[in-house]
Amino acid sequence: MNKVLVILIFVLIPIAIETSSNSDSNINSGLESKEFTIDLFTTNDTNKDDAIQVSLSYNQDKTDAFTIDLEEYVIGVVAGEMPASFSMEALKAQAVASRTFALYKMNTVKDYVLSTTISDQVYLTMDKMQEKWGNDFEYYYDRVKTAVEETKGEVLTYDGNLASTYYFAISNGYTDDALVVFNEDKDYLVSVDSSWDKNYQSYSSVYTMNKIDFCNKLEISCDNITILDVIRADNNYVRNITINDKTFTGVQVFQKLNLKSTDFDIIVDGNSIKIQTRGFGHGIGMSQYGAQGMALDGNSYKNILFHYYNGTEIVKM
């Protein structure tokens with residue numbers, strides 16, 4: 001396996017609701033050409049035309065790393081990360097986001113090995129796809145493969161650099177700011193409207209947990225639970241909350257209680273705690289159900305990506 005420096009020349013072209021646009025007419029165009037480098041793997045197989053390879057591992061310790069063609073990898077990721085029944089434009093948006101995410105990691109950390117789990121991106125082998133789709137395997141595989149092939153080599157960039165294309169399942173009606181959730185100050189990862197999400201059943205959920213478990217996870221006394229000073233951002237995600245005189249950020253409660261979202265309400269009900277959440281996931285970048293809603297409204301995958309990653313551009317390697 002040879003490691004080479006690939007020089008990319010880009011021509012920059014920056015778990016229903018009423019559409020704003022049905023075309024790409026709102027996409028800004030530009031004439032400037034830029035170049036940047038990505039340190040990637042290539043294959044010795046001349047029949048693959050030096051296709052870009054990614055390093056992949058099935059284990060958390062990443063001791064079993066192997067290489068796989070980038071586009072084959074993206075097929076497995078789209079199959080694992082988004083319902084294959086989603087609209088083709090949503091699947092294409094997922095393909096570009098997943099491809100960019102992988103290359104961003106590889107370009108940011110030298111010799112980075114991608115995990116097949118949610119710590120990076122879920123990846124399904126062909127066997128896992130067959131197990132997941134059963135008799136419908138060929139139909140769904142063809143849909144996913146088509147979405148990947150029709151966006152082959154396309155990535156998102158911001159100011160000439162690969163974008164960090166976070167994505168998640170479903171929002172509370174808005175995405176959130178990466179600066180708040182991940183402490184990453186990126187102009188293209190800020191809160192945007194995602195009201196399409198509210199039309200889906202998985203938008204809101206209520207579950208109950210044991211009071212003792214609740215207290216133990218937050219490391220608070222269970223004598224008398226009081227919830228005060230719930231501070232929310234304009235997008236309704238909890239920024240700070242005081243429980244028993246102990247102040248937490250919304251992200252801390254989200255992580256400690258393993259909640260679905262940082263938009264939550266906590267209700268004390270005797271020896272139980274009822275928690276209602278809106279959304280599912282960290283809330284940063286593209287909402288997958290929002291992408292589906294936009295696609296059903298007639299938006300192209302480019303419009304979807306430019307909406308969730310504001311100010312980015314699509315370029316082809």
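Trainee: Which term describes how α2 and α9 lie to each other?

Mentor: This is a predicted model: local features need pLDDT of at least 70 and side-chain atom pairs count only at pLDDT 80 or more, while totals for chains, interfaces and linings use all residues. Residues are numbered from 1 along each chain as its sequence is written, and side-chain values use heavy atoms, leaving out hydrogens and water. The axes of helix α2 (residues 88-108) and helix α9 (residues 301-308) come within 8 Å and cross at roughly 55 degrees (axes are lines fitted to C-alpha atoms, for helices over the stretch in contact, with angles from 0 to 180 degrees between N-to-C directions; helices, H or I of at least four residues, and strands, E of at least two, are DSSP runs numbered from the N terminus). Angles under 35 degrees count as roughly parallel, over 145 as roughly antiparallel, 65 to 115 as roughly perpendicular and the rest as oblique; α2 and α9 are therefore oblique.

Trainee: How many nonpolar residues does the contact of α2 with α9 have?

Mentor: Contact means heavy atoms within 4.5 Å, and E89, A90, K92, A93, V96 and A97 in α2 meet Y301, I304 and L305 in α9. Ala, Val, Leu, Ile, Met, Phe, Trp, Tyr, Cys and Pro count as nonpolar, Asp, Glu, Lys and Arg as charged, and the others, Gly among them, as polar. The contact has two charged residues and no polar ones, and its nonpolar residues number seven.

Trainee: How many of the nine residues of helix α8 are buried?

Mentor: Buried means under 20% relative accessible area, exposed over 50% and partly exposed in between (1.4 Å probe, protein chains only). The cover over the buried residues of α8 includes α1 (70-81), α2, β8 (167-168), β15 (286-287) and α9. Helix α8 (residues 288-296) is largely enclosed by the rest of the structure, because its buried residues number eight.

Trainee: Which residue in β14 does I266 stand opposite?

Mentor: Six bridges join β13 to the antiparallel strand β14 (residues 272-278). The residue in β14 opposite I266 is I275.

Trainee: Which residue in β12 does N240 stand opposite?

Mentor: Strand β11 (residues 238-243) and β12 pair in the antiparallel sense over four bridges. Opposite N240, the residue in β12 is T249.

Technical notes: Two strands pair if DSSP finds at least two bridges between them.
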